[in-house]
Each structure stands twice: as structure tokens, then as C-alpha cells.
Amino acid sequence: MIHIEQKTHTTQDDTTVIVLAPSGRLDITTAWQFRLKLQECISKLSPHVVVNLSQVNFIDSSGLTSLVAGMRDADKVNGSFRICNVHPEAKLVFEVTMMDSVFEIFETEEEALEGTPRNVTT
């Protein structure tokens, strides 16, 4: 069982962003639960999601797959999908798999919430 803290943030332009903060391991035993939570948030609450990984100290390929799936779901509905506060031990997985260039990764939750979506030209 994975514990996922969920909160809602409203940006200055009235966009609702769901912040999900899973804790523990994002691996083959928990990734499906996290995937379902992402799907539910994106389809029912808001296409804009920030995943705070500060409490996740381990991610395996199924954990990464659930994040990629969440990003695709958000993209399909013109949403945004951002990751922030990646735990140092988990950061290596992103770097080794080159996923750090696939995801929008921010240092802090505040930056992730304020960051300009990639599909918006500046």
C-alpha cells in the first residue's frame, strides 16, 4: 500500500492544480495504485498535476512507467504534468534512464506550481 497525500492548489489565473505527494517506494507493488490515483485526478479533478517526490526514496521501472502514463494522460487533455522535489536517491534513476529530459522537473513545489507549461510559448 502506498500513501499518497493529495492537495489542491489554485494558481493566480484560476487554474486548479492537483499536488500528489506519494511516500515510500514507487515500485512494482505500488506503481499501479499511484497510476490509478493519477488517472482519477486527471479525469475527474484537473488535467494539471504536480507530483512531489520528496518522500519517495525508491523508484523502479514500473514507478517510472506510472509517471510516464500520467504525463500522457495530462497531455491528452491539454494539461500539464510536473515533478518536483525528487529525492536524491530517486534522482539517479531519472538521470540514468534519461527521463530527466522527458519530464518537467522542478526543485521545489512552489516552482512547479508557478512554472510555465512547456506547450505555452514564451
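Student: What covers the buried residues of α2 in this model?

Tutor: The cover includes β2, α1, β3, β4 (56-59), β5 and α3. Please keep in mind that this is a predicted model. The buried residues of α2 are Ser-62, Gly-63, Leu-64, Ser-66, Leu-67, Val-68, Ala-69, Gly-70, Met-71, Asp-73 and Ala-74.

Student: How do you know that the span of α2 is close to the expected one?

Tutor: α2 has 16 residues, and from its first C-alpha to its last it reaches 22 Å. Just after α2, Asn-78 takes a positive phi of about 55 degrees.

Student: What makes the buried residues of α1 lie on the same side of that helix?

Tutor: Let us name them before judging. In α1, Ala-31, Gln-33, Phe-34, Lys-37, Leu-38, Cys-41 and Ile-42 are buried. They cover an arc of only 165 degrees around the axis, which means that they sit on the same side of α1. An α-helix has 3.6 residues a turn, so residues three or four places apart point the same way.

Student: Which residues of α1 are exposed, and where are they?

Tutor: Trp-32, Ser-43 and Lys-44 are exposed, on the other side of α1. The buried residues of α1, for their part, pack against β1 (3-10), β2 (16-26), β3, α2 (61-76) and β5.

Student: Why is β5 called largely enclosed?

Tutor: Five of the five residues of strand β5 (residues 80-84) are buried, so the rest of the structure largely encloses this strand. Both faces take part: Ser-80, Arg-82 and Cys-84 point one way, Phe-81 and Ile-83 point the other way, and all are buried.

Student: Why is Cys-84 called buried?

Tutor: The cut-off for buried is under 20% relative accessible area. Cys-84 has 0% relative accessibility, so Cys-84 counts as buried. Leaving aside neighbours within four places in sequence, Cys-84 is in contact with residues including Val-50, Val-51, Asn-52, Phe-106 and Ala-112. The C-alpha atoms of Cys-84 and Val-51 are separated by 6.2 Å, although these residues are 33 apart along the chain.

Student: How do you know that β5 pairs with β3 and with β6?

Tutor: Pairing asks for at least two bridges between two strands. Strand β3 (residues 48-52) and β5 share five bridges in the parallel sense. Between β5 and strand β6 (residues 104-106) there are three, again in the parallel sense. Both counts meet the cut-off, so both pairs qualify. To find them in the structure, look for Asn-52 opposite Cys-84 in β5, and for Ile-105 of β6 as the bridge partner of Ile-83.

Student: What kind of unit do β5, helix α3 (residues 88-96) and β6 make?

Tutor: They make a right-handed β-α-β unit.

Student: How do you know that β3 is mostly covered?

Tutor: Five of the five residues of β3 are buried. His-48, Val-50 and Asn-52 point one way, while Val-49 and Val-51 point the other way, and all are buried. β3 also pairs with β2 in the parallel sense, over four bridges, and Ile-18 stands opposite Val-49 in β3. The chain crosses from β2 through α1 to β3 in a right-handed β-α-β crossover.

Student: What makes residues 118-122 a stretch to read with care?

Tutor: The chain averages a pLDDT of 92, and 94% of the residues score at least 70. Over residues 118-122, however, the pLDDT is below 50, and beyond near neighbours in sequence this stretch has seven contacts in the model. Where pLDDT is low, the predicted coordinates should not be read in detail.

Conventions
Residues are numbered from 1 along each chain as its sequence is written. This is a predicted model: local features need pLDDT of at least 70, side-chain atom pairs count only at pLDDT 80 or more; totals for chains, interfaces and linings use all residues. Side-chain values use heavy atoms; hydrogens and water are left out. Buried means under 20% relative accessible area, exposed over 50%, partly exposed in between (1.4 Å probe, protein chains only). Helices (H or I, at least four residues) and strands (E, at least two) are DSSP runs, numbered from the N terminus. A crossover is right-handed if, with the strands pointing away from the viewer, the path from the first strand over the helix to the second runs clockwise. pLDDT is the predictor's confidence in each residue, from 0 to 100. Contact means heavy atoms within 4.5 Å. The arc is that of the directions from the helix axis to the C-beta atoms. The expected span of a helix is 1.5 Å times one less than its number of residues.
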